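Dear colleague,

I am handing over the structure below, and my notes on what was found in it follow. Please read them with the coordinates open beside you.

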Amino acid sequence: MDGDHACCEGALAAGCRFVAGYPITPSTEVVERIAARFPSVGGMFIQMEDEIASSIAMQGAVWAGAKAMTVTSGPGFSLMMEHIGYAAMTEAPCVFVNVQRTGPSTGLPTQPAQADMMQARWGSHGDYEIIALCPNSPQECFDLTIEAFNLAEIYRVPVMIMMDECVGHMTEKVVIPRASEITVEPRHYTTQKPEEYLPYKAEKNSAPAMVRVGNGYRFHVTGLTHDERGYPSTSLEIHDRFVNRLIDKVRNNARQIIMLDETDTADADVVVVSYGITSRVAVKAIQAARKNGINVGHLRLMTVWPFPEKRLHTLASHVKAFIMPELNMGQMYLELQRCIEGRAATYLIPHSGGTVHNPDDIYQKIVYAARHPRKKKETAK
Amino acid sequence: MSAKNPRNQYLRTERMPNIWCPGCGLGTAVNCFISAIEDCETPLDQISVVSGIGCTGRVAGYLKLDSFHTTHGRPIPFATGLKLSNPKLKVVVFSGDGDLFAIGGNHFIHAARRNMDLTIICVNNFTYGMTGGQVTPTTPIDAFSSTTPYGNIEEPFNLPFLADCSGAVYVARWTVFHVRQAARAMREAMHKNGFSFIEIISPCPTLYGRRNKIGDGLKMMQAFKDNSVIADETDTRNVALDFRGKIICGKFVDREKTSFLDMYNIKMAERFGPFYEPYEGIK
């Protein structure tokens, strides 16, 4: 099956029973399959009037007890930004799928890109943290969709699945395990009584327990800065504590959240850092380079946000050069540079999208980096 | 202190005083809503209130019910998700004219078209109160606002007509002067199975009344009393409001139509046959 369909199956396996969406290439196959599958499994799919409506209908469903998702591509993702912020602010566990296509604006609707990576992280206004995953195969579209729902429940954050057109439309074998072999994180409901429950009281670095509408808790949810009761507050102290918790629950759990796929990095001189479809192209270049005696490794980001800063920092102590191919003009590369802090050379292989890299471009850069490992600036310590 | 106001049990009294200005009609609109839910067959725990942004957007936060203060213009799609996941809920959207008909206009017509089982209460004060009195899609021609300093030149929406022709099964308009009628309309609307709409004309003395020389809250209320004409079943094409003209009030539409969820279950049962288990919400 293709990646879009695998994403639908992953959502079903994760317990998702509400999807609101709006058709947009190249993500449409996800919702088409959901529209066909949901009525027979007790789920509800609704095609809303636009992506703004889809991304908030999903959140209404969450508070009524559903695991919920919305699916889109770049132009729709742009419209969803206000509700990524709302989900972050209200701590609504939900999943946004973005099957990336080329932009800006309408761009190349049926062609791949990875150019919404920074938008996923920073697109809504204000300070918040999200989690974003990047599958590179239909199998991972299935697996990481389940993971996305699980992470959403644990940390009560919007989780993005940053696919791309290639992965979404690529057809490969997908193994769907038995339900008993799939780990599904249930919603964490409070055990407290209505009179003692505070909807936004949480331990440091964690999310509060939830309640479900209609169960007598008579709780309030707002996008305004709110106190532990969920009531709006203009106290700067409450605001500071609240924003810090939103940030800390992701940043301080980064080690538990981040999934990486590393090959031959332990003794590598050069490491290619990649994600999504670009990682598949990079593998070909890496194999060719190793065959020619270059000590090159591969670090594939399955989790792109939070960015694996600690791991990259550690690798920079022995790796001499990092190379990052991505289907954009330099987005995650900025993060790579930030984490390496000039301790090794860093090379971007940009691409304006529409197709994938030529593996030879990556190969040539590996060869160049192996010969020019020290483009580095001395960092004053 | 004397005995507590019996209506306090429906309010988050710990959040009082509210943020609304003296003379604002929102307190009266909330009071009408409390009257409506007091006599409603639905248990209070099964009633949710969803608001958007603005002065009316604050209603949700003052009612002691499951309540949601959502994003600007989006209470209707939020309410749609809530209702579809738990159809047992009575979901009431309480929001203002700017929220529901400017930024949120698209959501309104589509929810009405689908006949989503929601009750929409629009408090229409002809202005954006929270942001300082700007023109809205309901501001009458010639009315002054902070962004129409030479008078409004745009044709306003006739809200009952918009609701009617978009497919609403219940459409009524009252002013905050008509408290009993408004409360009754809210109760009736909540009992409808489908998209119901009530426009509540309400004074914003601070930013609309004063600027347009109508006067303070009391004077505005007097104007509503003097200018209102009660005429149930009036064709909604004929209930448009103009600057100082008559305010036609009443129940304009009350009809039966299959709601979204009923249609869903009917059609799926047709497709899937006798083995189809009717959808009754997310388990």
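**The interface between the chains**

In this predicted model, the side chains of B:Asp45 and A:Arg218 form a salt bridge, with N and O 2.7 Å apart (a salt bridge being a side-chain nitrogen of Lys or Arg within 4 Å of a carboxyl oxygen of Asp or Glu). The rule finds three salt bridges across the interface of chain B and chain A, and the two chains also share 24 residue pairs in polar contact, both residues at pLDDT 80 or more. A polar contact is a pair of N or O atoms within 3.5 Å, where within protein one must be able to donate a hydrogen and the other to accept it, and where residues adjacent in sequence count only if both atoms are side-chain atoms.

The side of chain B that touches chain A draws two or more residues from each of helix H2 (59–62), strand S2 (66–69), helix H3 (75–85), helix H5 (105–114) and helix H10 (260–272) of chain B, and the largest share, seven residues, comes from H3(B). Helices (H or I, at least four residues) and strands (E, at least two) are DSSP runs, numbered from the N terminus. By residue class, that side of chain B divides into 18 nonpolar, 15 polar and ten charged, where Ala, Val, Leu, Ile, Met, Phe, Trp, Tyr, Cys and Pro count as nonpolar, Asp, Glu, Lys and Arg as charged, and the others, Gly among them, as polar.

In total, 43 residues of chain B are in contact with 42 residues of chain A (contact meaning heavy atoms within 4.5 Å). The chains bury about 3,400 Å² between them, 60% of it on carbon and sulfur atoms; buried area is the accessible area (1.4 Å probe) that two parts lose on being put together, summed over both. Strand S8 (residues 220–222) of chain A is joined to S2(B) by three bridges, and the two run parallel, with A:His220 standing opposite B:Ser67 in S2(B); strands pair if DSSP finds at least two bridges between them.

**Within the chains**

Over all chains the structure holds 32 salt bridges. One of them joins the side chains of A:Asp261 and A:Arg300 at 3.0 Å, N to O, and because A:Asp261 lies in strand S9 (residues 260–263) and A:Arg300 in strand S11 (residues 296–301) of chain A, the pair ties together parts that are 39 residues apart in sequence. A:Asp261 is partly exposed at 31% relative accessibility, whereas A:Arg300 is buried at 6% (buried meaning under 20% relative accessible area, exposed over 50%, partly exposed in between, with a 1.4 Å probe and protein chains only).

In chain B, B:Lys192 forms a salt bridge with B:Glu256, the closest N and O atoms being 2.8 Å apart. B:Lys192 lies in the loop between helix H7 (179–191) and strand S6 (196–201), and B:Glu256 in the loop between strand S8 (247–254) and H10 of chain B, so this pair ties together parts 64 residues apart in sequence. B:Lys192 is buried, with a relative accessible area of 9%, while B:Glu256 is exposed at 68%.

**Conventions**

Residues are numbered from 1 along each chain as its sequence is written, with chains lettered from A and ligands numbered from 1 in the order in which they are written. Local features need pLDDT of at least 70 and side-chain atom pairs count only at pLDDT 80 or more, while totals for chains, interfaces and linings use all residues, and side-chain values use heavy atoms, with hydrogens and water left out.

With best regards
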